[in-house]
Amino acid sequence: MTADLATDVFEEHRPLLTGVAYRMLGRVADAEDVVQEAWLRWYHADRTEVREPRAYLVRVVTRLAIDRLRQVQARGEAYVGPWLPEPYLAEFTDAAPDSAERVVQADTVSLAVLVVLESLSPLERAVFVLREAFGYPYAEIAALLDRGEPAVRQLAGRARRHVAERRPRYEVDPARRRDLTERFLAAAAGGDLEGLMGLLAPDVRLVGDSGGKAKAPVRVLHTADKVGRFLVGVARSVPADLSFRVLEVNGGPALLILSGDKPDSLLQLDVADGRVTAVYIHRNPDKLRYLADR
């Protein structure tokens, strides 16, 4: 395989590899680093020995991601305030065009799921991502991870139960989520507390991620009254140069708020039964820099 062909093969699989790495790590920069390291290993490998490039590359990325997760956990890095996965502008080019598979892809990259995945072990997370997000057979996952198939099935079952127990319910239909997001924005921007209260579930929570680098609640807010009053209070001090843009982020609609031409924050909602069940506000500038040109 020539160098040019090796590059073409890698680029063909890059969306899949990025999708695996991001779901494993929840961090765009880390995912990009892992994929770049996989490229270097692929480029310098003896490719005459590689019969299935896709399987080889997924194996490399998965193992690199597991190592990165273990390093992060070992360091026990402190983070100021609540933490959210970095916004991910998924193109779903790693998925078949079938709408059912797109829903699965969107679900496994949603904030609700990624937050739960943070509590899994690196191996459990790898098995869950490969099985639930990309539909890999157990035997193939076992080969990728150098584990026996029974052990992989146990890991998958444990991870699936953990996620099912902890993940919040939310509406996956993008049209309904977008409609409620736009209604939510209108009420919040207009300081309409009554209108907001009609959209918020009684047990709604608000999670603000700033990393200590911007203003945001240092704790998760709970109940419709607290969340609604907080949002109305924020609306009273909104700068005049703010503008808004709706993007598809983490498998659903998100509201990018710009100050001038710079990202100020990103707002995403979980919706269930026609009500907002969670409000996620990204304000950490390090996590928003990827959205500057969107």
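Biologist: At roughly what angle do the axes of α6 and α7 cross?

Modeller: This is a predicted model, with pLDDT of at least 70 needed for local features and 80 or more for side-chain atom pairs, while totals for chains, interfaces and linings use all residues. Numbering runs from 1 along each chain as written, and side-chain values use heavy atoms, without hydrogens or water. Helices here are DSSP runs (H or I, at least four residues; strands are E, at least two), numbered from the N terminus. The axes, lines fitted to C-alpha atoms over the stretch in contact with angles from 0 to 180 degrees between N-to-C directions, come within 10 Å for α6 (residues 122-133) and α7 (residues 138-145), crossing at roughly 140°.

Biologist: Which residues of α7 make the contact?

Modeller: Contact means heavy atoms within 4.5 Å. On the α6 side, Leu 123, Val 127, Leu 130 and Arg 131 take part. Facing them from α7 are Tyr 138, Ile 141, Leu 144 and Leu 145.

Biologist: How much space lies in the largest pocket?

Modeller: On a 1 Å grid over the protein atoms alone, a pocket is an open set with protein on both sides within 12 Å along at least five of seven lines, whereas a cavity is where a 1.4 Å probe fits but cannot get out; lining residues have an atom within 4 Å of a point. Of the 26 lining residues, Val 234, Val 238, Ile 257, Asp 264 and Ser 265 are closest to the pocket's centre. Volume is the space filled by probe spheres on the points, joined across faces, edges and corners, and for this pocket that's about 580 Å³.

Biologist: Which element gives the most to the largest cavity's lining?

Modeller: That cavity holds about 50 Å³. Its lining includes Arg 177, Gln 268, Leu 269 and Asp 270. With three residues, the top contributor is β5.
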